[in-house]
Amino acid sequence: MRFYRVKQWLAAGLTAVLLSGCSGTPGMQGDNKAGETEKISLYDRGLKLMAKMDLMAESDVYTEMMISSPEVTNILEEIGEQDYHEPKVVYEVKLSGDILKNLQNMYGGEMDSMLDLPEELQEDLKHRIIESVPSMLSAMEGSNALAAMSLITTDDYFIDETVTEDTIYLYLYDGRYCGAVVYSPHDEGIVSASGRMIVSEILGQAADKEEIKNWIVQNAGLLGAEISEVFP
(Lines give C-alpha, C1' and ligand atoms only; values in the text may rest on other atoms or scores of the structure.)
Protein backbone atom coordinates (compact mmCIF):
# COMPACT_ATOMS: atom_id res chain seq x y z
CA MET A 1 0.00 0.00 0.00
CA ARG A 2 1.33 3.42 -0.87
CA PHE A 3 2.00 6.01 1.81
CA TYR A 4 -0.58 8.51 0.59
CA ARG A 5 -3.42 6.12 1.49
CA VAL A 6 -2.23 5.80 5.08
CA LYS A 7 -1.60 9.54 5.30
CA GLN A 8 -5.13 10.25 4.03
CA TRP A 9 -6.72 8.08 6.69
CA LEU A 10 -4.51 9.46 9.44
CA ALA A 11 -5.68 12.96 8.58
CA ALA A 12 -9.31 11.84 8.59
CA GLY A 13 -8.85 10.09 11.92
CA LEU A 14 -7.42 13.17 13.58
CA THR A 15 -10.65 15.05 12.91
CA ALA A 16 -12.87 12.38 14.47
CA VAL A 17 -14.07 12.31 18.07
CA LEU A 18 -12.79 9.30 19.94
CA LEU A 19 -15.47 9.20 22.61
CA SER A 20 -18.86 10.53 21.59
CA GLY A 21 -20.64 9.44 24.77
CA CYS A 22 -22.30 6.35 26.13
CA SER A 23 -25.89 5.21 26.09
CA GLY A 24 -27.04 3.48 29.24
CA THR A 25 -24.67 2.09 31.85
CA PRO A 26 -21.68 0.42 30.19
CA GLY A 27 -20.81 -3.11 31.15
CA MET A 28 -23.85 -3.65 33.40
CA GLN A 29 -25.75 -6.13 31.25
CA GLY A 30 -26.61 -9.48 32.80
CA ASP A 31 -26.34 -8.60 36.50
CA ASN A 32 -27.07 -11.59 38.69
CA LYS A 33 -28.70 -11.69 42.11
CA ALA A 34 -25.39 -11.31 43.89
CA GLY A 35 -24.85 -7.97 42.18
CA GLU A 36 -22.02 -9.29 40.02
CA THR A 37 -21.77 -8.57 36.33
CA GLU A 38 -22.02 -11.49 33.94
CA LYS A 39 -19.03 -11.63 31.62
CA ILE A 40 -19.95 -11.09 27.98
CA SER A 41 -17.29 -12.23 25.54
CA LEU A 42 -15.88 -9.90 22.91
CA TYR A 43 -17.08 -12.41 20.34
CA ASP A 44 -20.70 -12.12 21.53
CA ARG A 45 -20.51 -8.35 21.81
CA GLY A 46 -19.27 -8.21 18.25
CA LEU A 47 -22.09 -10.42 17.00
CA LYS A 48 -24.61 -7.98 18.51
CA LEU A 49 -22.99 -5.11 16.66
CA MET A 50 -23.00 -7.12 13.44
CA ALA A 51 -26.74 -7.79 13.90
CA LYS A 52 -27.41 -4.08 14.45
CA MET A 53 -25.53 -3.10 11.29
CA ASP A 54 -27.44 -5.76 9.38
CA LEU A 55 -30.70 -4.27 10.68
CA MET A 56 -29.63 -0.84 9.44
CA ALA A 57 -28.92 -2.20 5.97
CA GLU A 58 -32.26 -4.06 5.87
CA SER A 59 -34.30 -1.00 6.85
CA ASP A 60 -35.64 0.81 3.78
CA VAL A 61 -36.73 3.72 5.98
CA TYR A 62 -33.23 4.11 7.42
CA THR A 63 -31.43 3.91 4.08
CA GLU A 64 -33.84 6.32 2.39
CA MET A 65 -33.25 8.83 5.16
CA MET A 66 -29.48 8.51 4.88
CA ILE A 67 -28.77 8.32 1.14
CA SER A 68 -30.32 9.01 -2.26
CA SER A 69 -27.65 7.44 -4.47
CA PRO A 70 -29.00 4.33 -6.29
CA GLU A 71 -25.50 2.81 -6.42
CA VAL A 72 -25.02 3.10 -2.67
CA THR A 73 -28.58 1.93 -2.00
CA ASN A 74 -27.94 -1.21 -4.08
CA ILE A 75 -24.89 -2.03 -1.98
CA LEU A 76 -26.88 -1.60 1.24
CA GLU A 77 -29.58 -3.89 -0.12
CA GLU A 78 -26.96 -6.54 -0.89
CA ILE A 79 -25.59 -6.24 2.64
CA GLY A 80 -29.08 -6.64 4.08
CA GLU A 81 -29.69 -9.81 2.05
CA GLN A 82 -26.73 -11.62 3.61
CA ASP A 83 -27.06 -13.58 6.86
CA TYR A 84 -24.67 -12.60 9.66
CA HIS A 85 -25.92 -14.77 12.51
CA GLU A 86 -23.17 -17.39 12.20
CA PRO A 87 -19.84 -16.34 10.69
CA LYS A 88 -17.68 -18.75 8.76
CA VAL A 89 -14.70 -17.86 10.92
CA VAL A 90 -13.76 -15.10 13.37
CA TYR A 91 -10.20 -13.93 13.84
CA GLU A 92 -8.81 -11.85 16.66
CA VAL A 93 -6.18 -9.38 15.49
CA LYS A 94 -4.06 -7.97 18.30
CA LEU A 95 -1.90 -4.93 17.68
CA SER A 96 0.28 -4.88 20.75
CA GLY A 97 3.42 -3.61 19.01
CA ASP A 98 4.42 0.01 18.62
CA ILE A 99 2.17 0.92 15.69
CA LEU A 100 3.64 4.37 15.12
CA LYS A 101 7.22 3.08 15.01
CA ASN A 102 6.16 0.26 12.71
CA LEU A 103 4.61 2.78 10.33
CA GLN A 104 7.77 4.87 10.50
CA ASN A 105 9.88 1.82 9.63
CA MET A 106 7.53 0.94 6.80
CA TYR A 107 7.30 4.40 5.22
CA GLY A 108 10.49 6.07 6.35
CA GLY A 109 10.97 9.71 7.20
CA GLU A 110 7.54 10.73 5.95
CA MET A 111 6.08 9.44 9.23
CA ASP A 112 8.67 10.96 11.57
CA SER A 113 6.36 13.78 12.63
CA MET A 114 4.02 11.30 14.36
CA LEU A 115 6.71 10.46 16.89
CA ASP A 116 7.06 14.15 17.78
CA LEU A 117 3.52 14.22 19.15
CA PRO A 118 3.07 14.29 22.94
CA GLU A 119 2.71 10.77 24.32
CA GLU A 120 -0.95 11.27 25.18
CA LEU A 121 -1.74 12.30 21.60
CA GLN A 122 0.28 9.37 20.25
CA GLU A 123 -2.02 6.99 22.12
CA ASP A 124 -5.05 8.79 20.73
CA LEU A 125 -3.62 8.61 17.21
CA LYS A 126 -2.98 4.87 17.53
CA HIS A 127 -6.63 4.29 18.45
CA ARG A 128 -7.73 6.30 15.42
CA ILE A 129 -5.41 4.46 13.05
CA ILE A 130 -6.77 1.10 14.17
CA GLU A 131 -10.40 2.26 14.04
CA SER A 132 -9.84 3.35 10.43
CA VAL A 133 -8.66 -0.10 9.27
CA PRO A 134 -12.13 -1.43 8.21
CA SER A 135 -12.77 1.73 6.19
CA MET A 136 -9.34 1.50 4.58
CA LEU A 137 -10.11 -2.04 3.45
CA SER A 138 -13.55 -1.13 2.09
CA ALA A 139 -12.09 1.88 0.25
CA MET A 140 -10.28 -0.54 -2.03
CA GLU A 141 -13.67 -1.42 -3.54
CA GLY A 142 -14.38 2.18 -4.56
CA SER A 143 -16.13 5.30 -3.30
CA ASN A 144 -19.66 3.87 -3.45
CA ALA A 145 -18.65 0.92 -1.28
CA LEU A 146 -16.96 3.22 1.21
CA ALA A 147 -20.02 5.50 1.31
CA ALA A 148 -22.30 2.52 2.00
CA MET A 149 -20.09 1.21 4.79
CA SER A 150 -19.99 4.65 6.44
CA LEU A 151 -23.80 4.68 6.75
CA ILE A 152 -24.11 1.49 8.79
CA THR A 153 -21.70 1.87 11.66
CA THR A 154 -22.37 1.32 15.32
CA ASP A 155 -20.51 1.85 18.57
CA ASP A 156 -20.70 0.59 22.12
CA TYR A 157 -18.95 1.22 25.44
CA PHE A 158 -18.53 -1.13 28.36
CA ILE A 159 -16.30 -1.88 31.34
CA ASP A 160 -13.74 -4.66 30.97
CA GLU A 161 -10.36 -4.23 32.63
CA THR A 162 -9.03 -7.36 30.93
CA VAL A 163 -8.93 -5.56 27.56
CA THR A 164 -5.52 -3.89 27.70
CA GLU A 165 -4.59 -3.48 24.03
CA ASP A 166 -6.24 -2.52 20.79
CA THR A 167 -7.91 -5.55 19.24
CA ILE A 168 -9.83 -6.16 16.03
CA TYR A 169 -12.37 -8.98 15.67
CA LEU A 170 -12.84 -9.92 12.01
CA TYR A 171 -16.17 -11.64 11.27
CA LEU A 172 -15.82 -13.43 7.93
CA TYR A 173 -18.62 -14.95 5.85
CA ASP A 174 -18.90 -16.76 2.56
CA GLY A 175 -20.42 -13.73 0.87
CA ARG A 176 -18.84 -10.52 -0.33
CA TYR A 177 -19.53 -8.71 2.92
CA CYS A 178 -17.93 -9.20 6.30
CA GLY A 179 -17.44 -7.09 9.39
CA ALA A 180 -14.97 -5.88 11.97
CA VAL A 181 -15.29 -4.73 15.55
CA VAL A 182 -12.44 -2.66 16.94
CA TYR A 183 -12.00 -2.79 20.72
CA SER A 184 -9.89 -0.05 22.30
CA PRO A 185 -9.10 0.28 26.02
CA HIS A 186 -9.33 3.64 27.78
CA ASP A 187 -8.98 4.96 31.32
CA GLU A 188 -10.83 3.34 34.26
CA GLY A 189 -11.42 0.08 32.39
CA ILE A 190 -13.67 1.64 29.73
CA VAL A 191 -13.57 -0.14 26.37
CA SER A 192 -14.92 1.36 23.17
CA ALA A 193 -16.27 -1.02 20.51
CA SER A 194 -16.59 0.26 16.94
CA GLY A 195 -18.55 -1.95 14.54
CA ARG A 196 -17.88 -1.49 10.82
CA MET A 197 -18.95 -3.51 7.80
CA ILE A 198 -16.34 -4.38 5.18
CA VAL A 199 -16.86 -5.11 1.51
CA SER A 200 -14.10 -7.35 0.21
CA GLU A 201 -14.09 -10.32 -2.12
CA ILE A 202 -10.60 -11.22 -0.94
CA LEU A 203 -11.41 -11.50 2.77
CA GLY A 204 -14.35 -13.77 2.07
CA GLN A 205 -12.13 -16.09 0.04
CA ALA A 206 -9.06 -16.00 2.29
CA ALA A 207 -7.82 -19.50 3.03
CA ASP A 208 -6.21 -19.04 6.45
CA LYS A 209 -5.08 -16.53 9.04
CA GLU A 210 -1.61 -16.12 7.54
CA GLU A 211 -3.12 -15.08 4.23
CA ILE A 212 -5.36 -12.59 6.03
CA LYS A 213 -2.44 -11.28 8.10
CA ASN A 214 -0.31 -10.67 5.02
CA TRP A 215 -3.21 -8.95 3.26
CA ILE A 216 -3.89 -6.65 6.23
CA VAL A 217 -0.21 -5.72 6.50
CA GLN A 218 -0.05 -5.00 2.79
CA ASN A 219 -3.25 -2.94 2.58
CA ALA A 220 -3.50 -1.33 6.02
CA GLY A 221 0.16 -0.94 6.87
CA LEU A 222 -0.16 -2.75 10.21
CA LEU A 223 3.05 -4.55 11.03
CA GLY A 224 3.31 -6.58 14.20
CA ALA A 225 -0.25 -7.94 14.01
CA GLU A 226 -0.90 -11.18 15.89
CA ILE A 227 -3.85 -13.20 14.56
CA SER A 228 -5.64 -16.05 16.29
CA GLU A 229 -8.87 -17.90 15.53
CA VAL A 230 -11.68 -17.46 18.07
CA PHE A 231 -14.49 -19.16 16.11
CA PRO A 232 -15.27 -21.91 15.34
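Residues 24 or more positions apart account for 74% of the contacts in the chain with a separation of 6 or more, a contact being a pair of heavy atoms within 4.5 Å. The model is predicted: local features need pLDDT of at least 70 and side-chain atom pairs count only at pLDDT 80 or more, whereas totals for chains, interfaces and linings use all residues. Residues are numbered from 1 along each chain as its sequence is written, and side-chain values use heavy atoms, with hydrogens and water left out.

The chain has ten helices and six strands; these are DSSP runs, helices being H or I of at least four residues and strands E of at least two, numbered from the N terminus. Of its 232 residues, 47% are buried, that is, under 20% relative accessible area with a 1.4 Å probe and protein chains only.

The largest nonpolar core holds 52 residues. Such a core is a set of buried Ala, Val, Leu, Ile, Met, Phe, Trp, Tyr and Cys residues joined through side-chain atoms within 4.5 Å. Ile79, Ile168, Leu170, Tyr171, Met197 and Ile212 touch the most other members. Helix α2 (residues 42-58) supplies the largest share of this core, eight residues. Beyond its neighbours within four places in sequence, Ile212 is in contact with Tyr91, Leu170, Leu172, Leu203, Ala206 and Ile227.

Two helix pairs may now be considered. Helix α2 packs against helix α4 (residues 70-81) at an angle of about 130 degrees, with the axes 8 Å apart; axes are lines fitted to C-alpha atoms over the stretch in contact, and angles run from 0 to 180 degrees between N-to-C directions. The two helices are therefore oblique, the class left when angles under 35 degrees (roughly parallel), over 145 (roughly antiparallel) and 65 to 115 (roughly perpendicular) are set aside. Asp54, Ala57 and Glu58 of α2 meet Leu76, Ile79 and Gly80 of α4. These residues divide into three nonpolar, one polar and two charged, where Ala, Val, Leu, Ile, Met, Phe, Trp, Tyr, Cys and Pro count as nonpolar, Asp, Glu, Lys and Arg as charged, and the others, Gly among them, as polar.

Helix α4 also packs against helix α8 (residues 143-151), at an angle of about 60 degrees and with the axes 9 Å apart. This pair is therefore oblique as well. On α4 the contact is made by Glu71, Val72, Ile75, Leu76 and Ile79, and on α8 by Asn144, Ala145, Ala147, Ala148, Met149 and Leu151. Nine of these residues are nonpolar, one is polar and one is charged.

Key:
Buried < 20%, exposed > 50% of the residue type's maximum accessible area, 1.4 Å probe, protein only.
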